[in-house]
Amino acid sequence: MEKTLMTIAEKVKFIEDAITEECSKHQRPRESVKLVAVSKTKPVPDLEEAYKAGVRVFGENYIQELEEKYSKLPDDVEWHFIGHLQSNKIGDKGAMVIAQS
């Protein structure tokens, strides 16, 4: 049996469809659930592909990676910092991100 890999766009659609279905099942507005795509260790081209597929919220847990990705993606991206944040690594970057733990 041959395995076929889904593209990032196909994965996004699959997840969005599942979220929509669950919201409908539980009589919850779709806009009340936010998909946060975890971008940890993923290269910028993968994030760009996810963005083209409609993802606007990304979660990152390395401040150094966030710095690189932040400047390369459009301004309408909402960033969430996930995991533990060491205060000595954030410096003046606090304005870039919503901390999420």
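## One turn of helix α3

Let's start in helix α3 (residues 63–70), where Glu-65 and Lys-69 sit four residues apart, so about one helical turn separates them. In this predicted model, the two side chains form a salt bridge, with 2.8 Å between the closest N and O atoms. Lys-69 is buried, at 2% relative accessibility.

## Glu-68 and Lys-72

Glu-68 pairs up with Lys-72 in another salt bridge, at 3.5 Å from N to O. As for shared partners, salt bridges tie Glu-60, Glu-65 and Lys-69 together into one network.

## A link across the chain

Lys-34 makes a salt bridge with Glu-78, and their closest N and O atoms are 2.9 Å apart. This pair connects distant parts of the chain, 44 residues apart: Lys-34 lies in the loop between α1 (8–25) and β1 (37–38), while Glu-78 belongs to strand β3 (residues 78–82).

How exposed are the two ends? Lys-34 is partly exposed, with a relative accessible area of 49%, and Glu-78 is partly exposed as well, at 25%.

## The overall tally

Counting pairs with a side-chain nitrogen of Lys or Arg within 4 Å of a carboxyl oxygen of Asp or Glu, the model comes out at eight salt bridges. Among them are Glu-65 with Lys-69, Glu-68 with Lys-72 and Lys-34 with Glu-78. Behind it all is a simple idea: oppositely charged side chains can pair when their charged atoms come close.

Note on methods:
Residues are numbered from 1 along each chain as its sequence is written. This is a predicted model: local features need pLDDT of at least 70, side-chain atom pairs count only at pLDDT 80 or more; totals for chains, interfaces and linings use all residues. Side-chain values use heavy atoms; hydrogens and water are left out. Helices (H or I, at least four residues) and strands (E, at least two) are DSSP runs, numbered from the N terminus. Buried means under 20% relative accessible area, exposed over 50%, partly exposed in between (1.4 Å probe, protein chains only).
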